[in-house]
Each structure stands twice: as structure tokens, then as C-alpha cells.
Amino acid sequence: ALADEWDARGPADHDVRGERLAACKRALKDAKRQLAPDETLSAVVMVGGSTRVPLVRQRVEQFFGIEPYTALDPDRVVALGAAIQGAVLAGTADHALLLDVVPLSLGIETVGGGVAKLVMRNATVPARATERFSTSVDNQTGISINVLQGEREMAEDCRSIGRFELSGIPPMPAGIPKLVVTFSVDANAVLSVHAVEERSGKQASVQVIPNHGLSREEVERIERESFEHARDDLTRHRIADLVTNAKMHLRWITRQIDKVGESLDDDYAADLREHLATLDGFVKSAQDDWRTINADAFKKAMDDLDERSMRLHEVSIAESLKEDEAG
């Protein structure tokens with residue numbers, strides 16, 4: 001309904017390229033349509049009371065390059081659509097199918113404060129998505145799952161709509177547990193989140209109504225802020241993931257050096273410790289202020305350590321085989 005994009009002041013102060021035509025631009029983007037200079041749509045239907053305003057119709061015609069279809073009563077169309085959708089949901093009408101969409105992306109908080117989005121904005125309802133996760137801490141017996149709604153990349157900038165605990169997981173090294181999280185949004189816009197740790201069979205779930213308490217203006221604000229902060233958000237999320245992965249690398253490689261250090265020549269061991277110190281410096285700086293970090297340099301430091309530690313892996317495997325043979 002284009003009418004909802006014009007506020008009480010009317011569109012007179014906004015030209016065809018202004019923010020009040022944002023709904024038109026977003027509709028094309030969400031439909032993955034990019035109109036060529038000589039291309040037009042087959043029809044543009046005006047829906048909503050404010051589309052009666054002549055200037056609104058004029059601006060829409062200028063934007064799409066086609067005269068809007070205005071023969072329908074814009075208020076009655078909305079009322080009829082709502083009535084049909086109600087009948088479909090109630091099960092009394094099977095001759096019509098109205099597709100609703102998820103207004104904002106849904107996901108969970110990951111280690112480091114990032115957001116893993118499972119159900120994306122504008123996904124058709126009903127929607128279902130599954131993703132696998134694991135732990136980053138050794139001997140972790142419980143996992144707190146924070147369910148989030150929003151378009152930003154960090155949990156602190158999104159809306160928490162539910163939280164539940166998956167407990168009773170047997171102690172295992174980091175990365176070994178297999179956590180499967182499933183998001184399911186039904187036709188009534190109720191979100192069910194189910195988590196199961198496959199090795200132990202432990203599971204937990206929660207149900208929430210994602211759009212409860214959000215007005216259209218708040219949804220639009222969330223979408224707008226996601227575009228305004230997109231570059232910084234993506235960089236921050238990338239650095240947060242690098243910190244998480246780097247910590248696991250540092251912990252594992254340090255343990256292996258302590259375990260098989262006597263089997264390493266001094267120069268190689270010193271080189272490894274130098275690379276460890278470099279990566280650890282990136283981690284500490286990122287934790288102090290992520291803005292001071294060059295994400296590409298951080299990634300290169302971690303790749304360099306991975307490459308340099310290949311011989312360490314080989315020595316560690318060889319030592320393990322010797323122990324098995326001796327046993």
C-alpha cells in the first residue's frame with residue numbers, strides 16, 4: 001500500500017526521487033526486478049486511501065513510467081484482502097492463496113556478539129530454515145540461545161524476542177558438539193525455535209510472535225538503520241568471527257606446542273611463537289576496539305599461522321601414533 005508511505009503532511013515537499021517513494025524502490029528490490037530505461041511494468045495498482053490524492057498518483061506515474069490503475073476503490077481493496085486472508089487462516093476459504101512475508105530477519109546470537117540469520121526478511125510465510133552450530137569453549141554443558149529479530153549484523157543492535165537454555169550436554173572439546181537449530185514461522189506468524197545437540201540428543205525449544213509490539217514505523221526505522229550502518233556492521237561482524245576463530249587456533253596450537261615441543265627444532269618453535277604473538281595481538285586489539293583493526297590483515301595473520309602450523313600437526317599426529325603403538 002503506497003499510501004502508507006505518505007504521512008499527514010502529504011507528499012508535496014518530496015520530489016519523485018525523495019524518500020516518500022522508498023516503498024516503490026523497495027518493492028522492486030524485494031521482487032529482484034531492475035527496470036531497464038525502456039522497460040515498464042504491466043500495471044501499477046493503487047491501494048490505500050491516500051492514493052486518491054492526485055499528486056500521489058502523479059509521482060507514482062513518474063516513478064514507474066506508467067499510468068496507475070485507479071478504477072478500484074483503494075479502501076475496499078484493503079478490507080477485502082484482509083477478509084480473504086482471515087478466511088484462509090480460518091480454513092473456510094480454499095479457493096484463494098494470499099502470501100504473507102516475514103517483515104524482519106530472524107536469527108540467533110553467536111559467539112562474539114554477531115547474528116546468524118536463519119530466516120531472511122521478506123521470506124514467504126510459512127517459512128522454515130535450519131543451520132548447524134557448535135561450541136567454542138571446552139567442556140561446555142549448556143548453551144544459551146538468544147533469538148533475535150532485525151537487519152543489523154550485531155546482536156546488540158537487534159531486538160531480542162526470546163531466550164532459552166539447552167542444558168545437560170556432555171562435556172566435550174570445543175567444536176565437537178553438533179547443535180542443530182531450526183526456525184519455523186507458521187501462517188499465524190508464530191515463530192518456533194527448536195535446538196537439538198545431535199551427539200547427546202538433548203533438545204529445547206521456544207515459541208514467540210516475532211512482530212509483536214512493532215509498528216510499521218519501527219520496522220521502517222530498523223530497515224533504514226541497517227542500510228545506514230551496513231559497511232561498519234559487516235566489518236564488525238567479520239572481526240568478531242575472526243576473534244572467535246583466532247582464539248580457538250591460539251588455544252589448540254599452544255597446547256600442541258606444550259605437548260610436542262621437545263620434538264620441534266628451536267627455530268621452528270620460535271617462528272610459531274612469533275606468529276602466535278602476532279595473532280594474539282590482533283585479538284587483544286580487536287577486543288579493545290574493533291575499529292582499530294584491519295580485517296584483511298587479521299585474516300592474513302590467521303592464515304599465516306595455519307600455514308606455519310602444518311608441520312606441527314604432522315609432528316603431533318606422529319607422536320600420537322607412537323603413543324598408540326607403545327600402548
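Select Leu72, in the loop between helix 2 (54–64) and helix 3 (74–90). Helices (H or I, at least four residues) and strands (E, at least two) are DSSP runs, numbered from the N terminus. This is a predicted model, in which local features need pLDDT of at least 70, side-chain atom pairs count only at pLDDT 80 or more, and totals for chains, interfaces and linings use all residues. Residues are numbered from 1 along each chain as its sequence is written, and side-chain values use heavy atoms, leaving out hydrogens and water.

Next, select strand 6 (residues 142–149), where 6 of the 8 residues are buried. Strand 2 (residues 106–109) runs antiparallel to strand 6 and is joined to it by 3 bridges; two strands pair if DSSP finds at least two bridges between them. Gly107 stands opposite Leu148 in strand 6. Click Gln149: its bridge partner in strand 7 is Arg159.

Now move to the open sheet of 4 strands, with the order 5-8-9-10 and antiparallel pairing. Strand 5 (127–133) and strand 10 (203–208) each have a single partner strand, so one side of each is left without a neighbour in the sheet. Last, select strand 9 (residues 191–197), joined to strand 10 by 6 bridges. There, His194 stands opposite Ser205 in strand 10.

Technical notes. Buried < 20%, exposed > 50% of the residue type's maximum accessible area, 1.4 Å probe, protein only.
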